[in-house]
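User: Please examine the model shown below and answer some questions about its architecture and packing.

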Amino acid sequence: ALSPALPLPSPHSALVCTVGTMVFLPGAPNVIPGRAAFSVDVRDATSAGRDAAADAALASVGAACTSRGVTCAWTRTHVANEAVADAGLTDRLEAAAAAAGGLMAEVGGGDDDDDGPPVAPLLPRRLVSGAGHDAAALAPRLLWAMLFVRDRGGVSHSPAEDVREGDVAAAGAALWGGVEGWMEERGEGGK
């Protein structure tokens, strides 16, 4: 077990830690493993927050290994700095999403499009993605913002991902409205 002294993030923190793989050798059901390996993806709104959390976790794991006479080692395989979305584009998408929210019910994002519980249109909500999207690679050269579409079960990047038709229509309208407004603001037309 990790030390209970490991600081936990506040409920408002953007810190997310995901164990992606775990391997135990020799892998027999009734044998205490002689070796274990796992991967952890640590993400936060800032590189400093991510690094502090990773350092605290590594220190806790190291202390646990030392107290048990176990050898442990770790390798950081990938580190990427945060990419901050453009405030102006984000504001435009947020306003366009609020304006497009009514489409959810009109196109089928409400009570009638599935067997699930009724769903009311959502007000836009700003999120910290923390994901390694293309935006992270493009951020030094391009303005960017993201628009996420809610999933019925909160699943992402999986064949089980399932979004409502009305939500997709509203997201498309929000994206169009945000880009169109941005282009008009820059004097590049629109429509």
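User: In what order do the elements of the chain run from the N terminus on?

Analyst: This is a predicted model, in which local features need pLDDT of at least 70, side-chain atom pairs count only at pLDDT 80 or more, and totals for chains, interfaces and linings use all residues. Residues are numbered from 1 along each chain as its sequence is written, and side-chain values use heavy atoms, without hydrogens and water. Helices (H or I, at least four residues) and strands (E, at least two) are DSSP runs numbered from the N terminus. The chain has 5 helices and 2 strands, in the order β-β-α-α-α-α-α.

User: Are helix 2 and helix 5 parallel, antiparallel, perpendicular or oblique to each other?

Analyst: Helix 2 (residues 87-100) and helix 5 (residues 165-185) pack with axes 8 Å apart, at an angle of about 135 degrees. Angles under 35 degrees count as roughly parallel, over 145 as roughly antiparallel, 65 to 115 as roughly perpendicular and the rest as oblique. The two helices, helix 2 and helix 5, are therefore oblique.

User: Is Ala 174 buried or exposed?

Analyst: Ala 174 lies in helix 5. Its contacts (heavy atoms within 4.5 Å), leaving aside neighbours within four places in sequence, are Leu 93, Ala 96, Ala 97, Ala 100 and Leu 147. Buried means under 20% relative accessible area, exposed over 50%, and partly exposed in between (1.4 Å probe, protein chains only). Because its relative accessibility is 1%, Ala 174 counts as buried.

Note on methods: Axes are lines fitted to C-alpha atoms, for helices over the stretch in contact, and angles run from 0 to 180 degrees between N-to-C directions.
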